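Hi everyone, thanks for coming. Please have the structure open on your screens, and let's walk through it together.

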Amino acid sequence: MADVYGDSSFLDDTRDQLETDLNALLALMATASTDPLIAVVYNQHNVIVRSLNAVSVDLESYTAIPSGLDDGIITRYAMIWSIRIHTDYQGGITDSQKAIRLMDSIKGYLSTNKNFDITKNWRIDTINVGSNLEQFDESFTVGSEMLVTITFTDSHVQA
Amino acid sequence: MSLRNDITDGLHAATKLIKTQSGYDIHFEETSGLIVNLADLTRHRTPLLEIIDGGNEEKLVETSTGQLYRWDLILRGSSRVRENDIHEELNKILSTLKQWAFTVTPSTIHANVLNVKFQNVSAAGLVENTEYAAMEVGIRILYHTVGDY
């Protein structure tokens, strides 16, 4: 895979793949009638959450790792993706158990489905398990957040 | 017709379904201010329910496709006390309104209403120089503008 240097379409591709995976989990949970269920997956945090429980994915940050720059064509990117569980609106009940169960489901599913087509290597890096009382101002909701680190190796060509 | 008017209409319809503990319907009345009009109170049978716009609306979330708003309203229940215990009467009103706020399905009020929350008791007591007990319960509605609006 060779991209023009500066092309950041891999960010969109990674987000789309995460969204696809989470929707696959949503379908699995619906079939199995697990409790709690995920009702909807959004591909950004700044969203009007119309159904609960909701999951949203957004890019937290990314950085180019310079170790691959020796020959000028290989760059490794480290992306940190934020996955949020929305269990209620602010002012409502903060159900830690519900949030943890959903968090575990997502972690388990992503851990066993690591083979992204668009990435060469990725792993779950951190999980914010101590933050079940988080309030998300972008969506006026409460819930939990986990951070997933995904590394991506790209070979560049000159434009 | 604005979205807020549509939601108010939906609120009318939903609160009309409230039944008191004794089983008879609550008479519904909408007021536009916070002042109890004694004439309005005495010409109605009780229990009487009024919906009052708290005048507190705030945009919480702005996205490329719509907005999320918070709207505070007050439900005021009034009931004739006569020989009854005023505390018992007030508790009946409170428990009825509170239970409604906790159990109502938001989408039955309007498709764009996402959430209804009981907030607080903002006032309670005997209406001065009358035989009516009144209880004001604050509720908070979250609604969004995504869709046809």
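**A walk through the model**

Let's start in the middle. The largest nonpolar core holds 55 residues, and the ones that touch the most other members are A:Trp81, A:Ile83, A:Ile106, B:Leu75, B:Val113, B:Ile141 and B:Tyr143. Strand E5 of chain B, residues 132-144, gives this core its largest share, with 9 residues. As background, nonpolar side chains tend to be buried together in soluble globular proteins. Before we go on, please keep in mind that this is a predicted model.

Now pick out A:Ile106 from that list. Which residues is A:Ile106 in contact with, leaving aside its neighbours within four places in sequence? They are A:Leu22, A:Leu25, A:Ile83 and A:Met146. A:Ile83 is another of the core residues that touch the most other members.

A:Ile106 also takes us to a pair of helices. The axes of H1(A) and of helix H2 of chain A, residues 96-112, come within 10 Å and cross at roughly 115°. The crossing is right-handed. On the H1(A) side the contact is made by A:Asp21, A:Leu22, A:Leu25 and A:Met29, and on the H2(A) side by A:Ser105, A:Ile106, A:Tyr109 and A:Leu110. Sorted by class, the contact of H1(A) with H2(A) has 6 nonpolar, 1 polar and 1 charged residues.

Let's step back and look at chain A as a whole. How many helices and strands does chain A have? The count is 2 helices and 7 strands. Reading from the N terminus, their order is β-α-β-β-β-α-β-β-β. Of the 159 residues in chain A, 29% are buried. If you take the contacts in chain A between residues at least 6 apart in sequence, 64% of them join residues at least 24 apart.

Most residues other than glycine have a negative phi, and most peptide bonds are trans. With that in mind, look at the loop between H1 and E2 of chain A, where A:Ser33 lies. A:Ser33 is not a glycine, yet its phi is positive, about 55°. Is A:Ser33 buried or exposed? A:Ser33 counts as exposed because it has 7 C-beta neighbours inside 10 Å, and the cut-off for exposed is 12 or fewer.

A:Pro36 is found between helix H1 (9-32) and strand E2 (40-42) of chain A, again in a loop. The peptide bond from A:Asp35 to A:Pro36 is cis, with omega near 5°. Another cis peptide bond joins A:Leu52 and A:Asn53, with omega about 0°. A:Asn53 sits in the loop between E2 and strand E3 (54-65) of chain A.

A:Phe140 has a positive phi too, near 55°, and is a residue other than glycine. You will find A:Phe140 in the loop between strand E6 (134-136) and strand E7 (141-157) of chain A. A:Phe140 counts as buried because 21 C-beta neighbours lie inside 10 Å, and buried means 20 or more.

Over to chain B for a moment. Strand E2 of chain B, residues 48-62, pairs with strand E3 of chain B, residues 67-80, in the antiparallel sense over 12 bridges. A hairpin of 4 residues joins E2(B) to E3(B).

Last stop: where the chains meet. The contact takes 10 residues from chain A and 12 residues from chain B. On the chain A side, these are 4 nonpolar, 4 polar and 2 charged.

How values were computed. Residues are numbered from 1 along each chain as its sequence is written. Chains are lettered from A and ligands numbered from 1 in the order in which they are written. This is a predicted model: local features need pLDDT of at least 70, side-chain atom pairs count only at pLDDT 80 or more; totals for chains, interfaces and linings use all residues. Two residues are in contact if their C-beta atoms, placed from the backbone, lie within 7 Å. Ala, Val, Leu, Ile, Met, Phe, Trp, Tyr, Cys and Pro count as nonpolar, Asp, Glu, Lys and Arg as charged, and the others, Gly among them, as polar. A nonpolar core is a set of buried Ala, Val, Leu, Ile, Met, Phe, Trp, Tyr and Cys residues joined through C-beta atoms within 7 Å. Two strands pair if DSSP finds at least two bridges between them. Axes are lines fitted to C-alpha atoms, for helices over the stretch in contact, and angles run from 0 to 180 degrees between N-to-C directions. A crossing is left-handed if the near helix is turned anticlockwise from the far one by less than a right angle, and right-handed if clockwise.
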